[in-house]
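Dear colleague,

I am passing the structure below on to you, with the sequence beside it.

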Amino acid sequence: MFSRWNWVACGFYLLLNICSPDASGGLVQSCGHIIPESPVLALGSNFTALCILNESCLDFGNIYASQIIWKIKNRLVPKEQYREINRTVSSVTFNDTSSLATPLTCNILADGQIEQNIYGITVTVGLAPEKPKNLSCIVHQVSRFTYVMTCTWNPGRHTFLDTQFRLRYSWPEEIFPDCIPKDVNNSCTITDIQFFVNTEIWVEATNALGKAESDHLVVDPIDIVKPLSPQNVSLTSGILPTVLQLCWENWISDAVMMLKFNIRYRIVGDTNWLEVPSEDTASTRTSFSVQGLRPYTEYAFSIRCMKEDGVGYWSDWSEEKTGMTIEDQPSKGPPIWRIIDSSHSPAFWTVHLLWKALKPFEANGVILQYEVTVRDKSSLSSPVKKYNVTSTNHTLELREGTYEVTLVARNSVGASPPSVLLIPASNSKAPVKNLRTLPKHDKLWVGWTAPNSYVLKYVIEWCLVSSSSDCIIEWQIALGDVQGIDLKGIKPFKCYLITVYPLYADGQGSGQSVKAYLKQDRPSKGPTVQTKKVGKAEAVLTWNHLTVEEQNGFIRNYTILYKTIDGNETVVTVDPSKTEYTLSSLTSDTLYTVRMMASTDNGSRTGPDFTFTTQKFGKGEIEAIVVPVCLAFLLIVLLGVLFCFNKRDL
Amino acid sequence: PHPRPGPRRDSSLSPHTGVMPFVALLLLQRRPVAGRALLVTGSGCPSHGLCRSNVQEQTRRQVAVLNATAQELFSLYLKCQGEPFSSESDKLCNPAGIFFPAFRVNRTSERKEVMVAMYKLFAFLNASLGNITRDQEELNPMAKELLERLHNTTKTTRGLISNLTCLLCKNYNIFQVDVRYGDSSKGKSAFKKKQQGCQVLRKYVQVIGQAARVLLPHLSPS
């Protein structure tokens, strides 16, 4: 059916395809090949490739190994690196593969200097893997019964090749499936681990250039456990005011691992943690009573655990659990003092009792009320008066006398020890001596010398001196064995009046006072000077003292500065207690300018200028001139009249 | 002939999770493997470096763990099998009907004898637990906690066998111990599979407590 010519055409077509120089494979055969095919070479090593021509291609006309040229990435390889092995084989050598790129091609210059590619190979250059180092493993408890072991290592230098890492582990009699890291080359997690069997662990790194193995680690996984922190932590109060009981659940059974614990706690609001001594929690337990706490105080607790023998890792700290200790009775009585106002009548006093609220660690709860008891010691038959007060002050109207005031603070548990204040009829006992102050950064230190008699305590009063408002007293108590105290809350550049009273068992000393500044400054304004009286050669100057708010310190002196228009300035220093000064030896009928400066220890401030003109004539000078002149005139007139009369008579 | 231990798992000293030994038994027409412990000197124990002085304490801890978890495992097993096992376990789970290695040692027995008895016991248990686990995966695939506990117990048993192999080889040069395994549950009905499992586990609870008591003086730190 097929014609003869069709068969011939097909055969010719087939022959043509077979003999085609196209080296793409299939029915087409390449003219040569390179060995090795796609090598992987160590960086810096030497390498020789051979291009081998097929015998069949030699017939295409004058194709010999001597015509072969090598190229790397289309760049010609120097002919010095070639060697003609024989008619059909050419080699190329590279002494250092660092310069080798891909692809490496074998080409030939055929007749007519036409370059034709014979074969090409890809060349991969890299490094053998380094020995993995620093292999370490930790077993994490991820849930109650589940543990995973994560091992990490240093994979070593970059190899530029595909390098596989495997974490291998085995028992004496059993090798387990390798752990293949996912997406990383320096860690792997094993989920199937068993405690209490010595396990050998190591890392193997493999690539086309070789293999390296880390040092082998032999460990019982029970010795590298990081447990979960104790769970379901709870706090129970009410046992004692200074005790809270902590309870928790261990998620590792005693059979697997005995535990030890660290318990830490802090007062809520404070950042400092306190720790229960570790020796007290060095064995497996599920509860612990923490003692020595403050009553009625909120605490936060946290706990962690690890293997009892200290081998392994501490768990994370558990979530904080807060709890409050119960109330206890107040530990001390409130400090108490009084301010006596006898201004309206010396025989009757208005006594303002003042006391300070207890600090939380003294109150030990919520103070519900204060109980004040007043006993008249001058008259034993007088009934004791009792008052229940919810504020921290109470005012009494008392007849002048000696009283004993007792104060207790009461909360839901009980009453504090009593604070006792003796209010004697007069402060006749010895006062303190040598009262002085000294600024100390932001505090003002007040010191005194104790009297000879035994002092129970001292009361230090202070108030801000002001020209526009009353001196509101603040006070503080110091023990009888101290002779100095720091006052806090003192503001700079403000004048304070400080008074110290010694309190004895049977009376009270009179108060000694001193004024003080924490810090002085120059006055905020200078004195305003004016003349009270101006004469021919003198002028009386007057001024007002600066208010205490304007002074900013103790005024050490005033300075008067005065001058004429073209004269030198004269300076006079005046005692700070004065409010008048007379300038003398002034020039008459002259304009003077005067100003005043007030000075403290920290500077001076000058007031506004004031001008005045001295008088031309002194006091009585005009009379001294006019009267004689008038008298003289009168005399002359009289003499003249007398003369005229005498002349007529003649 | 008994195969000598090689670098990997040995069928006589490191039994698999239960399947292969049963094949071996089948081939031997389910006759107990006869044999005696052979005292061999000089050949050295495989993986000597991992056979350290702490292996005694490790073995004691493993037995303690198994003892602490055995009753819970058994109770959970009964619960997961449902009726009548939950309510009639005394009758159904009587281990008299099955083979269980004798554990006739006490605190005064020779340590070597105790170690060999332990090996036989746990080799048997390892195989049995493997069977029970396979059956439960088929019968109770949703009983995740039971399967997890069976798996953990099997793992601990495997570790225990590894340590016992160390102890026997290192201290007594014993590296061949004849072990007899129980009947396979393959091909049995679901009820029979459940019953065989509970019989083994019930006996296991009894024997593991005994093993823990016996082991204490032999493996306490000296």
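Which residues of chain A does UniProt list for "domain: Fibronectin type-III"? The unreviewed entry lists residues 226–325, 333–431 and 523–617 of chain A; UniProt positions are given in the numbering used here, feature names are shortened, and annotations may be inferred rather than shown by experiment.

Before going further, please note that this is a predicted model, in which local features need pLDDT of at least 70 and side-chain atom pairs count only at pLDDT 80 or more, while totals for chains, interfaces and linings use all residues. Residues are numbered from 1 along each chain as its sequence is written, chains are lettered from A and ligands numbered from 1 in the order in which they are written, and side-chain values use heavy atoms, with hydrogens and water left out.

Chain A

Residues 333–431 of chain A are 4% helix and 47% strand, with end C-alpha atoms 26 Å apart, and residues 523–617 of chain A are 4% helix and 46% strand, with end C-alpha atoms 39 Å apart. Helices (H or I, at least four residues) and strands (E, at least two) are DSSP runs, numbered from the N terminus. An automatic or database domain assignment divides chain A into domain 1 (32–126), domain 2 (133–223), domain 3 (227–325), domain 4 (336–423), domain 5 (433–517) and domain 6 (529–614). Taken over C-alpha atoms, the centres of domain 3 and domain 6 of chain A are separated by 76 Å. The unreviewed UniProt entry also annotates residues 625–645 of chain A as "transmembrane region", and in the model that span is 100% helix and 0% strand, its end C-alpha atoms lying 30 Å apart.

The interface

Between the chains, 24 residues of chain A are in contact (heavy atoms within 4.5 Å) with 27 residues of chain B. The buried area, meaning the accessible area (1.4 Å probe) that two parts lose on being put together, summed over both, is about 2,300 Å² between chain A and chain B, and carbon and sulfur atoms give 49% of it. Pro172(A), Glu173(A) and Phe196(A) supply 33% of the area that chain A buries against chain B, more than any other three residues. Phe196(A) is found in the loop between strand E14 (187–190) and strand E15 (199–207) of chain A, and has a positive phi of about 70° although it is not a glycine.

Two salt bridges (a side-chain nitrogen of Lys or Arg within 4 Å of a carboxyl oxygen of Asp or Glu) are counted between chain A and chain B; one of them joins the side chains of Asp192(A) and Lys155(B), at 3.2 Å from N to O.

Other local features

Over all chains the structure holds 31 salt bridges. Among them, Glu55(A) pairs with Arg87(A), the closest N and O atoms being 3.9 Å apart; Glu55(A) is in helix H2 (residues 55–58) of chain A and Arg87(A) in the loop between strand E6 (82–84) and strand E7 (89–94), so that the pair links distant parts of the chain, 32 residues apart.

Most peptide bonds are trans.
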